[in-house]
Amino acid sequence: MHLMAIDTYILSNPDLRKLKLICINMNHETLEVISRSIVNSKIQSLALDQNQLRDNGAATVANIITQTKTLSKLKLDSCEIKLVGMMKILDALKLNSSIVKFKAAGNHFQASRRMLAIIGDLVVYHNRTLRFLNLSLHD
């Protein structure tokens with residue numbers, strides 16, 4: 001699907017609640033372009049699995065997380081995100097109480113002490129609505 005077609009589709013469908021952009025060869029630049037439309041929509045479930053988002057795309061996802069009020073489910077499986085990018089997303093989740101399910105399995109990071117501390121802090125103190133968190137290396 002062409003980039004402008006995605007953006008137009010999101011903007012022209014105010015009742016859109018679920019958006020799956022899986023394995024469409026999306027990179028962080030593509031996501032950056034459509035991120036404003038995602039934030040301004042009423043999308044509740046967003047799946048960006050199997051795209052080459054990497055850490056720059058993770059930063060864009062973090063911005064989406066901090067700006068959206070309707071997103072409740074987010075999937076980022078196999079998006080080539082490393083530790084730096086995942087930390088940005090986890091920090092953003094601290095500021096969002098609408099997300100109840102977050103899955104990012106199959107990415108390229110290993111848990112560090114700081115990451116585990118952020119996850120604990122996130123669950124205990126910040127995002128008490130988060131009910132499902134999967135950051136495993138395998139699906």
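Which residues does Asn 134 touch, not counting residues up to four places away in sequence? In this predicted model, Asn 134 touches Phe 102, Lys 103, Ala 104 and Ala 105, where contact means heavy atoms within 4.5 Å. Asn 134 sits in strand E5, and its relative accessible area of 16% makes it buried. Buried here stands for under 20% relative accessible area, exposed for over 50%, and partly exposed for anything in between, using a 1.4 Å probe and protein chains only.

A word on the ground rules. Residues are numbered from 1 along each chain as its sequence is written, and side-chain values use heavy atoms, with hydrogens and water left out. Because the model is predicted, local features need pLDDT of at least 70 and side-chain atom pairs count only at pLDDT 80 or more, while totals for chains, interfaces and linings use all residues.

Next comes the sheet. The model has an open sheet of 5 strands, in the order E1-E2-E3-E4-E5, with parallel pairing. Helices (H or I, at least four residues) and strands (E, at least two) are DSSP runs, numbered from the N terminus, and two strands pair if DSSP finds at least two bridges between them. At the edges are strand E1 (18-20) and strand E5 (132-134), each of which pairs on one side only. Strands of a sheet pair through backbone hydrogen bonds, either parallel or antiparallel. E1 and strand E2 (residues 45-47) pair in the parallel sense over 3 bridges. Lys 18, for one, has Ser 45 in E2 as its bridge partner.

Beyond E2, the chain runs into a loop that holds Asn 51, between E2 and helix H3 (54-67). Is Asn 51 buried or exposed? Asn 51 is buried, with a relative accessible area of 1%. A polar atom of its side chain lies 2.9 Å from the backbone nitrogen of Met 26, and a polar atom of that side chain also lies 3.2 Å from the backbone oxygen of Asp 49. Polar contacts of this kind are pairs of N or O atoms within 3.5 Å; within protein, one must be able to donate a hydrogen and the other to accept it, and residues adjacent in sequence count only if both atoms are side-chain atoms. Leaving aside residues up to four places away in sequence, Asn 51 touches Leu 21, Ile 22, Cys 23, Ile 24, Asn 25, Met 26, Ser 78, Cys 79 and Glu 80.

Two of those neighbours are cysteines, Cys 23 and Cys 79. How many disulfides does a search of the whole structure find? The search finds 0 disulfides, a disulfide being a pair of cysteine sulfur atoms within 2.5 Å. For Cys 23, the closest cysteine sulfur is the one in Cys 79, and at 10.0 Å it is too far for a bond. Cys 79 itself is buried, at a relative accessible area of 0%.

Charged pairs are another matter. The count comes to 6 salt bridges, each being a side-chain nitrogen of Lys or Arg within 4 Å of a carboxyl oxygen of Asp or Glu. In one of them, Lys 75 pairs with Asp 49, with the closest N and O atoms 2.8 Å apart. This pair links distant parts of the chain, 26 residues apart: Lys 75 is in strand E3 (residues 73-75), Asp 49 in the loop between E2 and H3. Lys 75 is partly exposed at 29% relative accessible area, whereas Asp 49 is buried at 6%. Lys 75 also forms a salt bridge with Asp 77, the closest N and O atoms being 3.8 Å apart, and Asp 77 counts as buried at 6% relative accessibility. Salt bridges link Asp 49, Lys 75, Asp 77 and Lys 103 in a network.

Elsewhere, Asp 121 forms a salt bridge with Lys 94, with the closest N and O atoms 3.4 Å apart.

H4 has its own buried residues: Gly 85, Met 86, Met 87, Ile 89, Leu 90, Ala 92 and Leu 93. Their cover includes H3, E4 and H5.
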